[in-house]
Structures are given as C-alpha cells and as structure tokens.
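This note is written for a colleague who is meeting the structure for the first time. Please read it with the sequence and the coordinates open.

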Amino acid sequence: MMRPIFRVARATFHEAWRRRFLNGILIFAILIIGSSWVFAYLQPGAELQMIIDIGLGSIRFFGMLIAVFLGTRLIPDEIERRTVHTILAKPVSRAQFVFGKFLGGVATIAVNLVVMGIAFYIVFAIKAPQFAAAKPEDALIFAAMYSNIAKAIVLAFFEVWLVLGIAVVASTLFSWVLSVIVTFVIYFVGQMADFFQQLSDPERGASKLAQILLGTLYRVLPHFEIFDIREAILQGTYTPWSTLLQIIGQGLAYLVVILLIGYLVFNEREV
Amino acid sequence: MKSYKIIGWLAVLALLVAVQPLDRSVEYDRLVLGLQQPTPWFQIAARGSAGDTELAVTGVTGVIVGAALGGFREVAATMLWMKTHEYWHKGEALQAKALWLMRLVTLLDPHWLEPWRVTAWHLAYNLYVETDDPALRAKYLQMGVDCLKEGVSWNPDRYDLYLELGWTYFDKVEDFEEANKWFKAAMLYPHPEYVDRLVGHAYERMPDIPRSLDAYDYCLKRDPQDHTAKGATLTIRERYLIPWYLAEQGKYDEALAAINEYLLAKPNSSLGLHVKGAIAEQAGKLRLAYDTWKLAGDISQLDFLAQSKAVQLAHELGIETEDTAQYLYMQKVGKDLKVSMPGRDTMAR
C-alpha cells in the first residue's frame, strides 16, 4: 500500500527540483536571511531581535511561497500533461496519488527549509554574539535563543506543510490562478484567526449572525499564528516541548482534515 | 451519495470538532507563556480607524497590513519608525502625524525600547516647549509619563524605561519622590552605576538630606572610588546637614541662620535655597518659604520644583500668581507638594 505512495513522492521530489522558480525563491530567501544583520542596524538597541525577526520571518514567508507555488502545480501539471492517466492506470489509487504528491512536496519543502535554517543559524552564530555583547541584558537571554530558534524552525515545517496541503487541495478544485489566490487568502486569514474570535465576541457587540459566521470561520480555519513563537524567542522565554507538541498536534489534525477533503474532492473529479 | 463520501465528510467534521479542545489548550499555553503577538491586530486596526490624519492611515494600510500578512512585524515597525523621523523633521505640521506613527510603532513592537523613549521625549520635552499654555504643557507631561509607564509595563525586566521614566520625573516634572521610585525600580535589574547616584541627587534636590546621604553611602560602599558620591557626601555634610539636623530638632531659627550663613557666600545656590525653603515651610514661616522658593525659581528657569512650590504657597498666602505646568500636573495627579521632615535620628551622622 505504501510503495506506490513513496514512488509518486520520489518522482514528485525529483521533478520539483527541476522547477526553476523554486530555486529562485530559495536563493532569494538565502540572500535576505544572509543580509538580515545589515537590517539589524536599523533598530539600534534591538539588533538581535531584528536578526531573529527577519531570519525566522523569511523562513516562514518564503517557505509559504514555495508551498503555495509548488502545491498548486503538483496535480494540475500531471493532469495537463495527461501523465495522471498513466499513473492512475497502474495499481495506484487516487488516494495514494494525492498523498504521494503531497509527501513529495513535503520532502521538497523540508529540504528548502533545512537550507534556509542552516543559512539563518550561520548568520546568527556569527553576528548574534556581537550584538549580545553590546547589550549585557541580551547576553542573559542569548543562551536560551539557540534551542528556541530550533523549535521555531520545527514549527515552521509544520506550518508550511499545512499550507502545502491547502494548496494541493485547492488545485484539485480550482484553476491554477484561483487556487493560488485561495491558498494565499486562507493563509493570511488564518494568520489573523484571533481577529475573528474577537469580532465574534458578543461582549464586543457582535450580532447573533456575526457570532455564528465568524465563530464558525474561527473554528474551521487553521490557526497559522500558533506556529509563530518569535515573541518567546525575542523575550528569551523558554517554550516547553509539551506546548510545541500540542501545536504540532493541532497542525497535524488540520493536515488530516485537509488531505481528507482533497481525497474526497479528487476522487470525484474527472481527469 | 456513496457511503465512503458520507463517512469521509463526517470524519472531516468529527476531526474539526475534536481539534477544538486542543485549540483551547494551545491558546491557553500561548497566553500564559507569552507566545502571542504583543498587540493583537484588532487593537492596531482599531487605532488605525481612529486616526484623524490621512497620511497616518496610509502608513497603516501600506506597511502594517503588509507586515500583518507577511509576518514581518519588527521590519514594519522599523520602516514606520524611519517614516516618523522624516515627518518629525519636516516641521510642526507633520509632528502630530509623526507622533501618531510613533504610537503605532510602539504597538507593533512594544519590546523595542527606542520608540517608547523617543515618543515620550517628544511629548514631555519637544511638544512641551512649543506651547506657552501651562495646561497644555501639563497635558504633554502627563502624556510623556503615561507613554513611558506603558513602555515599562511591556518591558518590566529591563532597567532602561524605568530609568527614562525616573529621569522624566527628575528633570521635567521635578517630582523627585516619584523619580526615585522609578530609579530604584531600575536598580533591581542590571544597570549602569550612575543610576545609583541619581537616587542621591533626587533626594538632595527634594530636599531630603539624610536620605541623600544614605544613597551616596550606598554608592560608596559599592565603589569606594566613586568620586561623585564622595564629593556629594562631603558637600552635603559641609553645607546642608547641620541646618537640616537643627530643623529636625525643631530649632528652626538656628537652622535658618545656619543655611543663611552658607547662602551669604553662595546666594544663588539652588540646593541651598531648596533647603532654606523646606526649613521655612516646616517652621510655618510661609511667607519666607514663598520668597525663598520664588527666588530659586526665578534664578533658574529650569527649577520647576521651586516654581511649583512658589505657586502652591502663593495660593495659600493669597498672592496672585500664574500656575505652572508642573504645578498643574501635580494637582491633576493629586500630588502633595508639602515638605515633610519626619523626626529621624541624624545624630549618628
């Protein structure tokens, strides 16, 4: 059962690296991360924070871009080239095909994020001690930062995979342009899920209809902001693994929901 | 509909329901551990819509929304911060907009200390001097102080804003009691050593001579080579300790004679006049106290404490006077300007 999935995933992974736009985004991301220490001088007294904000922000942002543009092309390309018929004619079910495509995308993104993460760690390891030395109080929280950054990158993996899942599902439903737009909208709206919760609060004067609509939106949408723990890193606060596991658990639950929807939709689609 | 589809969609619904308790647990952890963004977007949006200047709102939509969507909060704060400088230096017409943007920067990145410091400085210092209306000046002082207090609430583990707030009270409001409260708070965290001396300076100006000696004593115990603290201790002992000690004993005439002796040599000594004014007030010689504080306030335009005291005593004595910004501020916050000289045992000194 798993072998066809891995075959599809491996083929997807190899094919993804031939996509030039992916390489372009990765190179641009590394350039931004690499130059984050230059931007740091724009925030005197908070250079360390600026490096972290730009570095981790870039990993999340460019990871998301890769996920959107890769995810929305994975299945439509197979349909356009009609290779999907060949694949599905072999003993590969539609569920295995969708999941295999997704796993191939996951592997591609994982490699991209690892490369960006290494680039960030190099910049951080070189520049951060200088900035931390400039402000003694930064030196105190400096030690906690290394492990917190690793945790932030782990969370970025799950966040970006969730975006990839949405992109893959959107591409089974809509045209390429529309699926890109839909994925972006879900991502950005998901970033502000708290906002919907506040708007649906009756104490803030939300009507019954608004409570139902916005409350449902809040419960259905993935909460992307939970994957962002930069605030804790900037403050040098320890983030326990138990919390991280809960966040990852929530992300995985949404991922299962998204892939299940993708399977249900793709199973009915004429290809 | 095929049965697998029904089961599939039911599974989707079941999973979405099942994830809700986990969501609540994650939200709780994020709140308790401080993982949430410092200022929720709805609060920033609320401030954006309350903006009364077109330019400020343009700044919000362009940069802040972009940052909100992209997740580069600090970068957006930095970009807006640079814009604030541009507006501020273009002159008076754009200063309100600059301040509006500065406030947004503090909302976007409340752990960045510089915007709190500079925004409060613009309010309590720069806007203050651009008006002659004492009520408006008092309002700017209050705004500056409130801005720093909010900054402190965001950054309670760093000395910087405690010091900044203490300094604003020390230098601009001249509420030395309040200044010391914040200087002492700054001393609880890693801080430069001049902060310790500021406590002594504030007590000296208040004046509270025994406490200023205690503060300098602390500085000298920490660093016996602290020349500033050493010099201040010698000066206080030589000039003000005896008059103060006599006043504490209730020997006001002798105390006044002692301080007058020093003032004969240095008639414009601000601290000497402060000590004399405090003693006269304690002795119930309100007219003398008024004249002394008035003189000190006239000698130095920046002696806001003397000016406030003179206004307060003028009101008590029925003398016509103009309220100063600092006096109005003190009235507004319900601060008592009366000198208190509790009977402390200063004999040991």
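1. The structure is a predicted model, and it scores ipTM 0.79 and pTM 0.76. For chain B, the average pLDDT is 86, and 86% of the residues score at least 70.

2. The pLDDT is below 50 over residues 50-57 of chain B, a stretch that has twelve contacts in the model beyond near neighbours in sequence. It is likewise below 50 over residues 344-349 of chain B, where the model has seven contacts beyond near neighbours in sequence. The reader is asked to treat both stretches with caution, given a pLDDT below 50 in residues 50-57 and in residues 344-349 of chain B.

3. Overall build of chain A. Chain A contains twelve helices and zero strands. Its radius of gyration is 20 Å, close to the 18 Å that the globule rule gives for 271 residues, so chain A is as compact as a globular protein of that length. Along the principal axes, the C-alpha atoms of chain A fill a box of roughly 65 × 50 × 30 Å.

4. Packing within chain A. Of the 271 residues in this chain, 45% count as buried. Among the contacts in chain A with a separation of 6 or more, 80% are between residues 24 or more positions apart.

5. The nonpolar core. The largest nonpolar core has 165 residues, and those with the most contacts inside it are Ile51(A), Ala67(A), Val160(A), Val163(A) and Leu164(A). Helix α7(A) gives the most to this core, with 17 residues. Leaving aside residues up to four places away in sequence, Ile51(A) touches Ser36(A), Trp37(A), Ala40(A), Val123(A), Phe124(A), Lys127(A) and Ala128(A).

6. Helix α11 of chain B. This helix (residues 209-222) has 14 residues and reaches 20 Å from its first C-alpha to its last, close to the 20 Å expected at 1.5 Å a residue. Which of its residues are buried? They are Ile209(B), Pro210(B), Ser212(B), Leu213(B), Ala215(B), Tyr216(B) and Cys219(B). What covers the buried residues of α11(B) includes α10 (194-205), α12 (227-239) and α13 (241-248) of chain B.

7. A cis peptide bond. Met206(B) and Pro207(B) are joined by a cis peptide bond, with omega at about -5 degrees. Pro207(B) is found in the loop between α10 and α11 of chain B.

8. Two residues with positive phi. Arg82(A) is not a glycine, yet its phi is positive, at about 65 degrees. Its place is in the loop between α4 and α5 (83-89) of chain A. Glu174(B), also not a glycine, has a positive phi of about 60 degrees and lies in the loop between α8 (159-173) and α9 (176-186) of chain B. Is each of them buried or exposed? Arg82(A) is exposed, because 9 other C-beta atoms lie within 10 Å and a residue with 12 or fewer counts as exposed. Glu174(B) is buried, because it has 23 other C-beta atoms within 10 Å, and the cut-off for burial is 20 or more.

9. A proline in a loop of chain B. Pro267(B) is placed in the loop between α14 (252-265) and α15 (270-282) of chain B. Pro267(B) has 12 other C-beta atoms within 10 Å and is therefore exposed. From C-alpha to C-alpha, Pro267(B) and Pro156(B) are 43 Å apart in space, and in sequence they are 111 residues apart.

Conventions. Residues numbered from 1 in each chain as written. Chains lettered and ligands numbered in written order. Predicted model: local features only at pLDDT ≥ 70, side-chain atom pairs only at ≥ 80, totals over all residues. Core = buried A, V, L, I, M, F, W, Y, C linked by C-beta atoms within 7 Å. Helix = DSSP H or I, 4+ residues; strand = E, 2+ residues; numbered from the N terminus. Contact = placed C-beta atoms within 7 Å. Rg over C-alpha atoms; globule rule 2.2 N^0.38 Å. Expected span 1.5 Å × (residues − 1). pLDDT = per-residue confidence, 0-100.
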